[in-house]
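Have a look at it first.

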Amino acid sequence: MIKQISVFLENKSGRLVRIAQVLGEAGINIRGLSIADTSDFGILRMIVDQPDQAIAELKEKGIMATVTEVIAIEVPDTPGGLAKVLAYMNDAGINIEYLYSFIEKPTTNAIIMMRVEKINEALEVLKKQNVPIVGDDRIYSF
Amino acid sequence: MKNDYISPEERAELQMKGLLQSVAHAYNNSPFYRNIFDKAGINPNDFKTVEDYAKIPFTTKQDLRDCYPYGMAAVPLDKILRIHASSGTTGKPIVAGYTRRDLDDWAGSVARVCEMAGVTEKTIVQISFGYGLFTGGFGLHYGLEKLGATVVPFSSGNTERQLSLMKDFKTEALVSTPSFALYMAETAVELGYSPADFGLKIGLFGGEPTSDAMREDIEKQWGLKATVNYGLTEVVGPGIAGECQCGGGMHILEDTYYPEIIDPKTGEVLAEGAIGELVLTPLCKEGFPVLRYRTGDITRLKAEPCACGRTTRLIDYITGRSDDMIIIKGVNIFPSQIEEVLAGFKEVSPHYRLVLLKQKGFMKDLEIQVELTPEGFSDRYKELEALENRIRRYLRSTLSLAPKIKLLEPKSLERSTGKTKRVVIREIE
């Protein structure tokens, strides 16, 4: 499973820049991210190459951050590639809270980060269906 | 208790004696009052009548703030056994120090107020006021012990556990803020209990202003008799006035706390029955004496005797302190009420800012900005939104108005040791 860093962001200018700077100055590489917002606040979700150091660094700078475990899977970069995997989860009654795609060096597959409610069950389903699961070594060191 | 039933003549005698003693003590032992008397050119050792007493200048909240921390002391600090302080929402806290005798007298006053409310030595009472610098928790605690009641010192927070203990212990009386009593009722219903089945008989409410609607709502939900009591840290804490079983106002313990009603603009002492600002002089205070303290509370001293037979006069329920009240959509709101609510949530810090949204010259809405704590932060939007809704719901039962809640990053609100600006006004389209 992959450690994802989540940061609470008030909707005001300069917040995202600040976080990117803190991580950049600490030599931490942001590998992928997703951000959504409500009218008042947002949650920034990131995959970085050194998650533990990133948390420590953010906390030291007074930025509230937390770790969430997510699953990384590889799906064919072709029409219907994602749909097939989502159908497996749906059939197994596993609710996906959110997902986003991950930046990777050019290959024929896409990498999807997925946050689900029942993480262990989800992994079982994916393994049974032979969906390639991407390990943390590969994600952090792309 | 005895002093609740004495004749007016007997009371006047006690008051005169107490006033002379208090004034002499303040003059002889408090550098603060010595300075005030000298500046006004009066020597209280010459005082003979209550009219002389009316020459003493009023003491204000600002005076007490300026004396932070120990400027009001009239005994050496080693005689002080305990220190309490007000929350200091609008500036430096106000400090009160108590000698052994002060603590004993204070507990005696609180015991009288609890007895009026219907508490006896057989009653099991849960205290859901915070225990700490706030005078509410410890004040009620020692007063109830003095009365001989069985005290459950729960303190504030952890509503679900409060409810389950209250049920298991067969608690009959509850000490809390009125808003917390309402919130507990709501939580009880959510947990599938019926509040009326708890068997609570008496509510002793204080710590914030109340309205008739709020008291009636509490009585209906819990099936109890709601009584309100009154006090303030600057004078002593709770135990200055309290409601008996008859309702209609609060008996003020005027043999112990000498009351006057003044015109808040001119300072003129008003006749019995007139509405004005309550001014109090505790007649028994050794540690941090205070004379003619302007409470900022608007009320009146009623001439009509109470059906319970007590001879102490009634004052009207306090609907709010005049100086920090905010009016939105016709609803009176006090920052202290909001503070009390936020203190119950571990997901947010006690730092907050009130933003009054003003439209075309009218106060249209209230936004409460509050900082998340690490405990409150979740990676899930729905959990953060649920938190906002929970805070909003609790505030709605307290304020009769549902404000907008805005979550902020930790430490994003300005901290200052001096006057914190907690209320800002924003014009909206």
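## Chain A at a glance

Of the 142 residues in chain A, 27% are buried (20 or more other C-beta atoms within 10 Å of a residue's own; 12 or fewer is exposed, in between is partly exposed, and C-beta atoms are placed from the backbone). Keep in mind that this is a predicted model: local features need pLDDT of at least 70, side-chain atom pairs count only at pLDDT 80 or more, and totals for chains, interfaces and linings use all residues. Residues are numbered from 1 along each chain as its sequence is written, while chains are lettered from A and ligands numbered from 1 in the order in which they are written.

Chain A has 5 helices and 6 strands (DSSP runs numbered from the N terminus: H or I with at least four residues for helices, E with at least two for strands). Read from the N terminus, its elements go β-α-β-β-α-β-α-β-β-α-α. As for contacts (C-beta atoms, placed from the backbone, within 7 Å), 69% of those in chain A with a separation of 6 or more come from residues 24 or more positions apart.

## Chain B at a glance

Chain B holds 11 helices and 20 strands, and 44% of its 429 residues are buried. Take the contacts in chain B between residues at least 6 apart in sequence: 67% of them join residues at least 24 apart.

## Where the chains touch

On the chain B side, 13 residues are in contact with 12 residues of chain A. Strand 19 (residues 404-408) of chain B gives the most to that side, with 3 residues. By class, the chain B side splits into 7 nonpolar, 1 polar and 5 charged residues (Ala, Val, Leu, Ile, Met, Phe, Trp, Tyr, Cys and Pro are nonpolar; Asp, Glu, Lys and Arg are charged; the others, Gly among them, are polar).

Chain B has an open sheet of 9 strands, ordered 4-3-5-6-7-8-9-14-13 with mixed pairing (two strands pair if DSSP finds at least two bridges between them). Strand 4 (150-152) and strand 13 (301-302) of chain B sit at the edges with a single partner strand each, so one side of each has no neighbour in the sheet. Further in, strand 5 (residues 173-176) and strand 6 (residues 202-205) of chain B pair in the parallel sense over 4 bridges, and B:A173 has B:I202 in strand 6 as its bridge partner.

Helix 5 (residues 100-117) of chain B lies across strand 6, strand 7 (225-232), strand 8 (237-242) and strand 9 (250-252), at about 45° to strand 8. (Axes are lines fitted to C-alpha atoms, for helices over the stretch in contact; angles run from 0 to 180 degrees between N-to-C directions.) Helix 5 of chain B is mostly covered, with 13 of its 18 residues buried. Its length checks out too: at 1.5 Å a residue, the 18 residues of helix 5 of chain B should span 26 Å, and the end C-alpha atoms are 26 Å apart (the expected span is 1.5 Å times one less than the number of residues). Just after helix 5 of chain B, B:G118 takes a positive phi of about 110°.

## Two helices crossing

How do helix 7 (residues 159-168) and helix 8 (residues 178-190) of chain B cross? Their axes come within 10 Å and cross at roughly 80°. That makes helix 7 of chain B roughly perpendicular to helix 8 of chain B (65 to 115 degrees; under 35 is roughly parallel, over 145 roughly antiparallel and the rest oblique). B:T159, B:E160, B:Q162 and B:L163 in helix 7 meet B:Y183, B:M184, B:T187 and B:A188 in helix 8. That contact has 4 nonpolar, 3 polar and 1 charged residues.

## Strand 17 and its partners

Strand 17 (residues 348-359) and strand 18 (residues 362-372) of chain B pair in the antiparallel sense over 9 bridges, with B:R353 opposite B:Q369. Their hairpin has 2 residues between the strands, and B:K360 there takes a positive phi near 50°. Strand 17 of chain B also runs parallel to strand 20 (residues 423-427) of chain B, joined by 5 bridges; B:K358 pairs with B:E427 there.

Most residues other than glycine have a negative phi, and most peptide bonds are trans. A:N130 is not a glycine, yet has a positive phi of about 60°; it lies in the loop between helix 4 (119-128) and helix 5 (136-140) of chain A. B:K170, also not a glycine, has a positive phi of about 55° and lies in the loop between helix 7 and strand 5 of chain B.

Are these two buried or exposed? A:N130 is exposed, with 7 other C-beta atoms within 10 Å, and B:K170 counts as exposed with 10 C-beta neighbours inside 10 Å. Finally, a cis peptide bond joins B:Y68 and B:P69, with omega about -5°.

How values were computed. Two residues are in contact if their C-beta atoms, placed from the backbone, lie within 7 Å.
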